[in-house]
Amino acid sequence: MRRTAILLGGIAVLALLLTPTTGTAASRRATALAAQQQPADSPALEARGRELYQQACASCHGPDPAGPSYYPRVPSLKDTGGAAAVDWAVRTGRMPWKDNKGPAIERGEPRFGEQDIRALVVYVGKAVGDAQIPDVDPARGNLQRGRQLYGQACAACHGMNGAGAALGGQNIAVSLQGVEPIDVAEAIKIGPGQMPVGGGLADYEFGTAQSTQEVDDIAAYVESLQTRPYNRGGAPIGGKGPVPEGFVAWVIGLGILVVAARWIAGRG
Amino acid sequence: MTDSDQGSERVDVDRRSEQGPAGAPGGPGDRGGRPDQAMTGGQRRAERRAAVALAVAILAGIGLFIVYFAGGQTQIEGVLFAIAFGGLGIALGVWANHLLDAREVVEERHELTSGAAGRQAFEMALTEEVGPVLGRRSVLVGLLAGAGGALGLALLLPVLSLGPAPGNSLKVTPWRRGLRVVDEEGQPVSLDQVPQDGFLTVFPEGHEGTADAQALLIHVRPGSLRLPPERMAGVPEGTHVAYSKICTHAGCPVSLYEQETSRILCPCHQSQFDVSDGAKPFFGPAARPLPQLPLGVDEQRVLIAEGDFTEPVGPAFWDRGRQ
Amino acid sequence: MNIMERTFKYLDERLGTASLARATLRKVFPDHWSFLLGEIALFCLVVLIFTGTFLTFFYTPSIREVVYQGPYAPLQGSEVSAAYNSVLRLSFEVRAGLLMRQIHHWAALVFVAAIVVHLCRIFFTGAFRRPREVNWLIGIGLLFLALGEGFTGYSLPDDLLSGIGLRIFYSVTLAIPVVGTWVTYLLFGGEFPAPDIISRLFVFHIMLIPALLLALVAVHIAILVLQKHTQFPGPGHSERNVVGKRLWPEQTFKSVSLLLFVTAVLALLGGLGQINPVWQYGPFVPYNVTSPAQPDWYIGFLDGALRLGPPWDLTLWGFTISEVFWPAILFPGIAFGILTLWPWIERRFTRDRAEHHLLDHPRDTPVRTGIGAAGLMVFFIMFLEGGNDIFGVLLNVTVETITRILQWSLVIAPILTFLVTYWTCKSLSRTRLRPARINAGVRLSRTPDGGYETVSLEPAATDGEREPAGTGQHGS
């Protein structure tokens with residue numbers, strides 16, 4: 001009786017764990033949308049940006065964003081992608097660098113509010129002469145072309161389903177779950193960390209009609225990865241392919257069956 | 001598999017079924033179970049459990065009909081099937097363990113061997129009527145064996161029709177001197193197209209998408225390549241280098257380019273190649289570097305190939321080093 | 001007589017079914033839960049055949065390009081192979097199609113897992129000893145067939161992930177010395193990506209391998225019935241008998257119950273657990289790849305072996321032995337060779353040529369158990385390495401670190417495992433504890449001339465080979 005109860009309880013827990021989770025497509029953060037509009041230029045904003053920069057960034061990146069940084073492994077902001085790079089890094093919480101160990105790869109909570117981020121973006125953008133934030137809209141994008149481009153340029157590192165993967169050393173290509181269209185556009189422009197500049201696209205040039213369209217297409221596909229209908233088979237089990245699937249087959253599949261065999265065989 | 005094979009048999013009766021007539025095991029007219037026998041409390045409880053399990057199974061079965069004709073839904077159907085089958089399984093398991101009158105029985109094992117006599121009889125049966133030719137080394141038997149062998153081999157000939165001879169095909173690709181470099185959609189790639197720290201998958205013009213021709217074009221930082229001069233001749237402006245995209249280990253497309261460390265990683269077995277050092281593998285199971293594709297530039301600053309890859313692309317095979 | 005009785009009489013008058021059936025139904029099978037593991041594998045095969053037949057009605061084994069028009073939006077308008085298109089159609093547009101496909105794939109994973117666990121039971125209890133060596137060989141053959149069936153099966157959808165796996169398989173066959181290029185070109189039909197391979201894999205998967213599987217399973221079970229099942233030592237158990245329950249009714253009820261449980265678990269997994277979502281991977285393109293890239297678990301040890309290296313290729317007089325040869329051809333050859341020949345290897349050292357129908361408790365054969373555990377550890381290390389990039393991200397460790405650790409483990413861990421296992425067996429053996437159950441109750445034994453005698457049932461402290469002592473005779 002007790003064993004039956006445990007078995008049923010286990011199945012119930014199982015069912016709960018394996019229930020497919022809802023997607024997050026609907027949640028477009030106001031921050032992201034707001035950041036898409038070119039940050040309004042105002043002297044007050046720029047001054048605030050300079051102040052923040054001196055507080056939070058200068059200790060590594062140097063007193064002048066367009067000048068050299070203090071450490072050889074820290075890139076100067078002159079050639080990391082300008083305003084888009086600042087927006088991307090700060091908005092996704094990667095900068096300021098949290099633990100000083102290894103590459104700043106994992107997303108986190110942004111340390112600054114919306115206005116402050118805009119201030120930093122305006123200040124650094126002006127200082128390095130690259131003040132444009134990408135203009136991206138997945139609704140303008142062609143989903144099918146996006147899938148094709150993604151398969152050519154992005155899938156090798158990020159996986160066709162956006163699950164992410166390990167690279168060499170401490171580097172990883174992040175999972176694209178929860179990634180906003182603006183993140184996609186900015187990352188393609190700046191090539192953060194180990195990611196190639198231009199994202200591996202043929203003929204990428206920021207600002208041209210063709211590149212903007214291609215980025216829209218890719219953003220549309222990345223957005224589609226967040227939505228539930230494409231996990232219609234059930235719980236994605238991490239989306240990492242046969243390794244977790246094999247784990248589930250052994251632990252849950254064979255596990256339950258061995259318990260069942262012991263029960264069936266009776267007092268043995 | 002008749003009774004006589006089984007030898008003697010002992011039947012064990014345990015305490016639980018002592019209330020009925022003792023013994024009288026499995027004779028020809030015996031139909032076993034005693035349907036009018038009173039059930040113990042435990043058996044009544046077991047019967048209830050089985051009944052509940054079966055009832056749940058029936059409900060799940062009905063549910064399946066409803067779900068299917070309503071349009072179907074994979075998760076619900078899976079759960080309902082599991083409940084239906086599981087309910088039946090539980091019921092039968094409970095039945096087996098509590099509601100049967102099964103006794104533990106001892107069955108004697110019989111000898112597996114036919115014994116020397118049996119084997120001799122077999123040999124007799126084999127050799128009794130074979131006549132003067134078989135069983136003796138004679139010309140006829142020899143010829144029979146020869147014919148059988150020749151025919152057997154000939155029957156294998158259609159196997160050779162399964163595929164072409166490998167020939168030279170593993171050692172050459174469609175790349176030729178003068179062919180333009182194009183992307184996978186056939187658009188020619190110009191020298192100024194790929195941004196610094198960017199990369200692109202390229203093919204020879206006219207052969208877009210051909211598997212063995214796939215190459216990675218990488219725009220590296222000036223001065224970062226450490227190749228000998230004859231190899232640098234195939235790198236326009238010292239920054240645009242192309243390597244085969246086919247991993248020399250087991251053939252996967254080596255696509256993961258790390259721009260800051262100038263390394264290419266293969267996702268299949270984690271071989272890593274150093275772009276600055278002629279794509280030599282420095283970690284992982286790959287033993288040979290990615291072959292380089294020498295590039296040049298035509299009058300319109302479109303990249304062209306200066307020849308085929310410097311060695312056979314992809315994984316090693318037996319005669320890779322032979323002409 | 002009612003219709004059932006009349007049917008039965010009809011068959012018996014023509015085929016003699018009554019006495020055949022009676023003898024079969026009365027056969028005695030010992031019941032221990034670990035004897036059901038082979039049945040779990042068998043019932044997975046039953047599910048595979050039923051679901052597989054359904055899938056065959058929808059699958060098109062052709063690489064002819066068609067335009068995808070189905071409801072999976074990112075692929076609409078794209079050119080895909082007819083094979084891939086048929087799998088997407090089944091998954092999105094056929095009612096219960098995705099359920100059947102997923103049950104089929106989960107069943108394949110659990111099938112091989114059950115075979116492995118069953119094999120471990122046979123190995124660790126010494127059930128492969130005389131007279132069961134032939135059945136051991138057949139079992140190993142079934143394992144290989146299952147591996148082949150799984151590999152051919154998941155390569156059929158012609159998706160990006162399985163296509164990468166096919167590319168690796170192509171490279172492995174290329175690495176066979178001397179004849180590698182010929183074998184590869186004949187098997188695949190030419191240079192990679194060989195267009196014929198999908199339809200050839202289909203022939204293997206639905207005809208050649210299943211035929212062999214079913215034939216060998218039938219022989220496997222027939223030999224088992226002929227030789228009778230082995231049993232653990234226990235009160236009243238000897239090398240000359242089989243103690244257990246009859247096929248009818250108890251073992252039948254239990255086996256059917258297990259079949260239903262297997263189906264239930266596979267249906268649960270098939271409905272709730274997404275497996276091999278090929279629409280996400282996209283169609284196979286020979287110059288694209290997706291990460292992470294692993295095969296199904298039962299091929300995972302080969303993938304891990306390939307990742308472990310070493311990067312040594314040998315070139316002599318222009319002839320090359322690829323670095324792929326050592327992990328993918330030599331290692332499996334040696335490992336599976338030892339596994340296959342194990343009954344004879346063990347016999348060489350134990351010089352035990354006797355017939356055995358009583359099983360060993362693993363703790364009583366510490367050397368065999370230790371070697372088996374060490375062998376499992378080798379495979380386990382390879383499995384871990386096969387997922388090194390996934391574990392790396394999970395544990396926040398670099399791929400290089402994991403690989404180095406596992407390379408060293410490959411040398412050290414099996415030895416350690418053997419020593420720990422050996423020591424554990426020895427100390428457990430010393431306590432004389434046994435996990436076998438004790439029967440309660442009286443035993444009645446019927447003598448050949450019709451009388452009964454009771455049999456005392458003291459549980460044996462050693463190995464149950466005592467002859468039960470008669471305590472009296474009743475009637476005659």
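Q: Hi! Quick one to start: which residue stands opposite Leu200(B) in β5(B)?
A: That's Leu217(B). The strands involved, β4(B) and β5(B), run antiparallel and are joined by four bridges. Strands here are DSSP runs of E with at least two residues, helices are runs of H or I with at least four, and both are numbered from the N terminus. Two strands pair if DSSP finds at least two bridges between them.

Q: Before I go on, what kind of model is this?
A: It's a predicted model, in which local features need pLDDT of at least 70 and side-chain atom pairs count only at pLDDT 80 or more, while totals for chains, interfaces and linings use all residues. Residues are numbered from 1 along each chain as its sequence is written, and chains are lettered from A and ligands numbered from 1 in the order in which they are written.

Q: Thanks! Back to β4(B): is it buried or exposed?
A: Buried: six of the six residues of β4(B), residues 199–204, are buried, so the strand is largely enclosed by the rest of the structure. Buried means 20 or more other C-beta atoms within 10 Å of a residue's own, exposed means 12 or fewer, and partly exposed is in between, with C-beta atoms placed from the backbone.

Q: Which residues sit on each side of β4(B)?
A: One side has Phe199(B), Thr201(B) and Phe203(B), and the other has Leu200(B), Val202(B) and Pro204(B). Both faces are covered.

Q: And what sheet is that strand in?
A: An open, antiparallel sheet of five strands in chain B, in the order β3-β4-β5-β6-β11. The edges are β3 (181–182) and β11 (292–293); each has a single partner strand, so one side of each is left without a neighbour in the sheet.

Q: Where do β3(B) and β4(B) line up?
A: They pair in the antiparallel sense over two bridges, with Val181(B) opposite Pro204(B). Further along the sheet, five bridges join β5(B), residues 215–219, to β6(B), residues 240–244, again antiparallel. There, Ala215(B) stands opposite Ser244(B).

Q: What about the four-strand sheet in chain B, what's the order there?
A: β7-β8-β9-β10, an open sheet with antiparallel pairing. β7 (256–258) and β10 are the edge strands, each pairing on one side only. Gln272(B) is the bridge partner of Leu265(B).

Q: Changing topic: how is chain B divided into domains?
A: Domain 1 covers 3–13 + 40–107 and domain 2 covers 181–305. Their C-alpha centres lie 63 Å apart. The bounds come from an automatic or database domain assignment.

Q: How many residues do chains B and C put into their contact?
A: Chain B gives 76 and chain C gives 91. Contact means C-beta atoms, placed from the backbone, within 7 Å. On chain B's side, α3 (74–99) gives the most, with 15 residues. That side divides into 38 nonpolar, 22 polar and 16 charged residues. Here Ala, Val, Leu, Ile, Met, Phe, Trp, Tyr, Cys and Pro count as nonpolar, Asp, Glu, Lys and Arg as charged, and the others, Gly among them, as polar.

Q: Which strand of chain C is joined to β2(B)?
A: β4(C), residues 241–246, through four bridges, and the two run antiparallel. Glu107(B) stands opposite Val242(C).

Q: How does chain A meet chain C?
A: With 51 residues from chain A and 58 from chain C. Helix α11(A), residues 242–265, provides the largest share of chain A's side, 17 residues. By class, that side has 28 nonpolar, 17 polar and six charged residues.

Q: And what is chain A built from?
A: Eleven helices and two strands. Of its 268 residues, 51% count as buried.

Q: Last topic: how many residues are in the largest nonpolar core?
A: 259, and those with the most contacts inside the core include Leu217(B), Ile40(C) and Val262(C). A nonpolar core is a set of buried Ala, Val, Leu, Ile, Met, Phe, Trp, Tyr and Cys residues joined through C-beta atoms within 7 Å. Helix α5(C), residues 97–125, supplies the largest share of this core, 18 residues.

Q: What does Ile40(C) touch?
A: Leaving aside its neighbours within four places in sequence, Ile40(C) contacts Leu257(A), Ala261(A), Ala114(C), Leu258(C) and Val262(C).

Key: Two residues are in contact if their C-beta atoms, placed from the backbone, lie within 7 Å.
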